Amino acid sequence: MRRFGRTLVTAALAVTVVGGTAGWASGESQSAVTGPPPGTAAWRADTAYGPLPDPATATPHEVARFFAGLDDAARSALARTHPLVVGNLDGAPVPLRYEANRLAVVATGEARYASLAAPDRRILAFDPRGRGQVAEVFGDLEHAAHVSVIVPGSDNDATSHDARRAPHTGPAGMARALRTATETPLADGPVAAGSVAAGPVAAGPVAVIAWTGYTTPVGVGLDAADGRLAAAGAPRLARFTAGLDAVGAPDPVLFCHSYGSVVCGLAARHTDAADIVALGSPGMRADTADDLRTGARVWAGRGPSDWIADVPNVSFAGIGHGADPTSAAFGARRVPAADVRGHAGYFTPGTQSLAAFAAIAKGEVR
C-alpha cells in the first residue's frame with residue numbers, strides 16, 4: 001500500500017512538470033488535428049483526371065504512382081484547384097507540394113501565415129486547422145544524400161515554428177543549425193569516446209525538415225504528461241516518413257526533442273528511420289530501446305542543466321512517459337551533451353551535441 005501511495009505521488013508530480021519549451025507554466029487542453037486535409041471532399045468529387053487517390057486511404061506509394069502518370073499541366077492544375085490537399089499529400093512530387101502550399105498559405109488571407117508564402121520558403125506541408133501545422137525543408141530534398149527530420153515538443157505550431165526566440169531553438173532554428181553543422185567537415189577522430197565517432201566523409205548534401213506536423217501540447221499540463229497528443233501525432237509522422245520514401249528520399253534520421261520524443265517513440269516501429277535521436281526526453285513510452293521495435297539505431301542525450309531531468313520517469317494510468325532514454329538500462333547509444341545549457345540548447349553551435357547530431361545526420365558514425 002505504501003508503494004502504491006508513492007506511485008500516486010510520483011504520477012501527480014509528473015502531471016505538473018512534464019512538458020516542453022514553455023517552462024514552468026500551466027497548460028491548456030488541446031484538440032488534436034487528425035484525418036485528411038481540408039478540401040478532401042472536393043478532391044474526391046473531382047473526376048477531371050479520373051479517380052483521384054483518397055487522402056484518407058491511399059498509401060504514399062499509390063499517390064506517387066498516380067502523379068507519375070500525369071503530365072506537368074495536369075499536376076499543376078490539381079495543385080491550383082486543390083492546394084490544401086496536394087500540399088499535404090504524402091507521396092506527391094516535392095516541387096508540386098511547394099507550389100501548392102504557397103497557394104494554400106496565400107488563400108488563407110491570414111497575416112500570421114504570410115511569411116510562409118515567401119519565394120525562398122520550401123513548405124512541404126501546411127494545415128491551417130487549429131493552431132496550424134507546417135513542415136519546412138532546409139536544403140535540396142530532391143537531391144539530398146541524407147535527410148533529417150526535426151520533431152519538436154510543446155508550444156510549437158505553424159505560427160511559432162520559425163518565430164523570434166533564442167537562436168538555434170524552435171523547429172526551424174534547430175533545422176537551420178543542424179544543416180549548417182552538416183556543411184562543416186568534422187575533424188578525424190572521436191567526437192565523444194564510446195558514442196559518436198567521425199568516419200569517412202559521406203558523399204552528398206543533407207536536407208533537414210522541421211516537422212511541426214502534429215498538435216503539440218501548450219505549456220506544462222496534463223496534455224504534456226499523457227500520451228494523447230503523441231498518439232494522434234505518431235501516425236502522421238509515420239505517414240510523413242512513408243511519403244519521403246515514396247518520392248525516393250533516403251531513410252531519414254529523426255531528431256526528437258522533448259515531447260517530440262514521445263511521438264517518435266510511438267511512431268518508431270512504423271517508420272523506416274535510419275536513426276532515432278531523443279534529446280531532452282521525458283520518456284518514449286517504452287522500457288527499453290528494443291521495446292521500440294525499430295530497425296533504427298536509437299540515441300539519447302540530456303544536458304546537465306536540462307530541467308527535464310526532474311521529471312519522474314513513471315507511467316501510471318496513462319500519465320508519464322516511462323523509462324529515461326539516457327539511462328543505461330534503456331540501452332540507447334549516448335549522445336554527448338555535457339556542454340548543453342538548459343532544455344533547448346542542444347543545437348547551439350559549438351556544442352558536443354550538435355557536432356554529434358551532424359555526424360549522425362551525415363552517416364559519419366560507427
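**Architecture of the predicted model**

The protein chain contains eleven helices and ten strands, where helices (H or I, at least four residues) and strands (E, at least two) are DSSP runs numbered from the N terminus. The structure is a predicted model, in which local features need pLDDT of at least 70 and side-chain atom pairs count only at pLDDT 80 or more, while totals for chains, interfaces and linings use all residues. Residues are numbered from 1 along each chain as its sequence is written, and side-chain values use heavy atoms, with hydrogens and water left out.

The mean pLDDT (the predictor's confidence in each residue, from 0 to 100) of the protein chain is 89, and 87% of the residues reach 70 or more. Over residues 1–25 the pLDDT stays under 50; for this stretch the model has 53 contacts (heavy atoms within 4.5 Å) beyond four places in sequence. Residues 197–203 also have pLDDT below 50, with 21 contacts in the model beyond near neighbours in sequence. Where pLDDT is low, the predicted coordinates should not be read in detail.

Of the 366 residues of the protein chain, 55% count as buried; buried means under 20% relative accessible area, exposed over 50%, and partly exposed in between (1.4 Å probe, protein chains only). Among contacts between residues at least 6 apart in sequence, 69% join residues at least 24 apart.

Eight strands form an open sheet with mixed pairing, in the order β1-β2-β6-β3-β7-β8-β9-β10. Two strands are taken to pair if DSSP finds at least two bridges between them. The edge strands, each pairing on one side only, are β1 (123–127) and β10 (333–334). Five of the five residues of β1 are buried, so this strand is largely enclosed by the rest of the structure. Strand β1 runs antiparallel to β2, to which four bridges join it; Phe126 has Val134 in β2 as its bridge partner. The hairpin of β1 and β2 has five residues between the strands, and in it Gly130 takes a positive phi near 60°. Strand β2 (residues 133–138) in turn pairs with β6 (residues 206–212) in the antiparallel sense over five bridges, with Ala135 standing opposite Trp211 in β6.

Helix α7 (residues 170–182) packs on the sheet and touches β2, β3 (146–151), β6 and β7 (253–257). The direction of α7 makes about 170° with that of β6; axes are lines fitted to C-alpha atoms, for helices over the stretch in contact, and angles run from 0 to 180 degrees between N-to-C directions. Helix α10 (residues 259–267) lies across β3, β7 and β8 (275–279) and runs at about 135° to β7.

Helix α11 (residues 352–361) has eight buried residues out of ten, so this helix is largely enclosed by the rest of the structure. Its buried residues include Leu354, Phe357, Ile360 and Ala361, and the buried set packs against β3, α7, β6, β7, β8 and β9 (297–301). Just after α11, Gly363 takes a positive phi of about 75°. Within strand β3 lies Ser148, which counts as buried at 0% relative accessibility. Leaving aside neighbours within four places in sequence, the contacts of Ser148 are Leu178, Ala207, Val208, Ile209, Val253, Phe255 and Ala361.

In helix α4 (residues 72–81), the buried residues are Ala74, Ala77, Leu78 and Ala79. They pack against α2 (40–45), α3 (60–68), α5 (83–87) and α6 (94–108).

Grid points are joined across faces, edges and corners, and a volume is the space filled by probe spheres set on the points. The largest pocket holds about 490 Å³ of space. It is lined by 25 residues, of which Gly35, Asn88, Asp90, Arg236 and Arg239 are the closest to its centre. Elements giving two or more residues to this lining are β1, β2, β6 and α9 (228–246), and α9 supplies the largest share, five residues.

One cavity of 30 Å³ or more is present, and the largest cavity has a volume of about 30 Å³. The largest cavity is lined by Ala92, Val94, Arg97, Leu124, Gly243, Leu244 and Val247, with α6 and α9 each giving two or more residues to the lining.

Terms used: On a 1 Å grid over the protein atoms alone, a cavity is a set of points where a 1.4 Å probe fits but cannot get out, and a pocket is an open set with protein on both sides within 12 Å along at least five of seven lines; lining residues have an atom within 4 Å of a point.
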